[in-house]
Amino acid sequence: MYLGNATWPEVGAEITETSTALVPVGSTAQHGPHLPLSTDHVIAEGLARAAADPAGVVCTPTVNIGVSPHHRQFHGTLSVDAPVFRNYMESLSRSLVYQGIDRIVFVNAHGGNVVHLREVGRRLHDEGVAYAIEWMWDESIPELVDSIFEQNGPHAGPKETSMVWYLADLVREGELEAAVEGGCPDIEAVDNERNGARLYYDAIENSYNGAFGDPTDASAEKGQQLFEAATEQLVSLASWLDEQPWETLGPKSHVRER
């Protein structure tokens with residue numbers, strides 16, 4: 001069930017059947033000259049809403065703005081400070097707990113959110129409030145992603161372009177070549193590290209137009225393949241999580257000598 005389209009009596013009847021919620025989380029951030037600022041939250045919402053009913057769990061409305069200071073130089077990028085984001089996501093999670101949910105999957109599509117969502121999960125777990133985990137769609141199907149693209153790119157590359165092409169008519173097809181020419185098609189060829197230290201902070205330091213990878217290799221057909229495979233993974237995860245006894249998920253007691 002998607003909570004945003006339901007009435008409260010409808011939710012009341014449904015939520016007694018599950019202890020799990022999918023919370024789609026994205027960003028409003030630059031994705032090169034060919035993809036919209038909404039790329040990440042379009043992907044996150046698409047996956048979460050597609051997986052909720054098959055898994056028998058609920059899906060919340062999408063968190064559209066995340067932690068994106070590394071894209072701030074590009075027009076239109078919106079970001080919230082990391083502590084604010086963590087507190088907001090924790091507060092949202094606690095609201096779900098009040099409604100009877102004690103396991104949460106953050107359906108995440110933005111790299112800048114990862115460590116912060118995991119920290120929120122840690123806080124909730126340590127208190128025994130809820131079991132909340134961060135899930136990134138492309139990390140659930142790495143072999144498939146690698147098999148269909150030669151140059152994936154970590155951001156605004158062919159995998160995100162294909163997903164947006166499949167989910168929404170928002171790809172600027174005429175800008176695909178420009179994304180390659182003014183971007184960073186091969187991140188591995190860039191000297192980003194020295195003596196084990198990472199040498200950059202912002203996307204613009206490696207890509208003038210914010211694109212990474214080769215989006216000319218994208219297509220709606222490949223997007224469908226990725227979307228269906230990732231949705232299957234999310235359904236499996238959510239179904240498994242919903243079936244686990246709380247005793248196996250909650251924090252363990254302090255070790256005692258035998």
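Predicted model: local features only at pLDDT ≥ 70, side-chain atom pairs only at ≥ 80, totals over all residues.
What volume does the largest pocket have?

Residues are numbered from 1 along each chain as its sequence is written, and side-chain values use heavy atoms, with hydrogens and water left out.

View 1. The volume comes to about 670 Å³. A pocket here is an open set of points on a 1 Å grid over the protein atoms alone, where a 1.4 Å probe fits, with protein on both sides within 12 Å along at least five of seven lines. Points are joined across faces, edges and corners, and the volume is the space filled by probe spheres set on them. Lining residues have an atom within 4 Å of a point. There are 23 of them, and those closest to the pocket centre are His70, Gly111, Gly112, Pro154 and His155. By type, the lining splits into 9 nonpolar, 7 polar and 7 charged residues.

View 2. Thr18 sits in the loop between α1 (8-15) and β1 (20-25); helices (H or I, at least four residues) and strands (E, at least two) are DSSP runs, numbered from the N terminus. Thr18 is buried at 5% relative accessibility, where buried means under 20% relative accessible area, exposed over 50% and partly exposed in between (1.4 Å probe, protein chains only). Setting aside residues up to four places away in sequence, Thr18 touches Gly56, Val57, Val58, Gly100, Ile101 and Asp242, a contact being heavy atoms within 4.5 Å. Asp242 is 224 residues away along the chain, yet the two C-alpha atoms are separated by 6.7 Å. The Thr18 side chain also reaches the backbone nitrogen of Thr20 at 3.1 Å. That pair is a polar contact (N or O atoms within 3.5 Å; within protein, one able to donate a hydrogen and the other to accept it, with residues adjacent in sequence counting only if both atoms are side-chain atoms).

View 3. Ser207 belongs to the loop between β6 (197-198) and α8 (220-243), and its relative accessible area of 0% makes it buried. From there its side chain reaches the backbone nitrogen of Gly210 at 3.0 Å. Outside its sequence neighbours up to four places away, Ser207 touches Phe74, Gly182, Gly183, Cys184 and Phe212. Cys184 is itself buried, at 4%, and Cys59 is buried at 0%. How many disulfides does a search of the whole structure find? The count is 0, taking a disulfide as a pair of cysteine sulfur atoms within 2.5 Å.

**View 4. Helix α6 and its surroundings.** Helix α6 (residues 158-167) is largely enclosed by the rest of the structure, because 7 of its 10 residues are buried. The buried ones are Pro158, Lys159, Glu160, Thr161, Ser162, Met163 and Val164, and they pack against α2 (39-55), α5 (142-148), α7 (176-181) and α8. Take Lys159: it counts as buried at 10% relative accessibility. Beyond its neighbours within four places in sequence, Lys159 is in contact with Trp137, Asp138, Val145, Phe149, Gly153 and Leu226.

**View 5. Two residues with positive phi.** Most residues other than glycine have a negative phi. Ala156, in the loop between α5 and α6, has a positive phi of about 60° although it is not a glycine. Asn195, in the loop between β5 (193-194) and β6, is also not a glycine, and its phi is positive at about 55°. Are these residues buried or exposed? Ala156 is buried at 0%, whereas Asn195 is exposed at 80%.

**View 6. Met89, inside helix α3.** Met89 is part of α3 (residues 82-98) and counts as buried, at 0% relative accessibility. Leaving out residues up to four places away in sequence, Met89 touches Val23, Val25, Val63, Phe106, Leu117 and Val120. Leu167 lies 78 residues from Met89 in sequence and 25 Å from it in space, C-alpha to C-alpha.

Conventions. Nonpolar A, V, L, I, M, F, W, Y, C, P; charged D, E, K, R; others polar.
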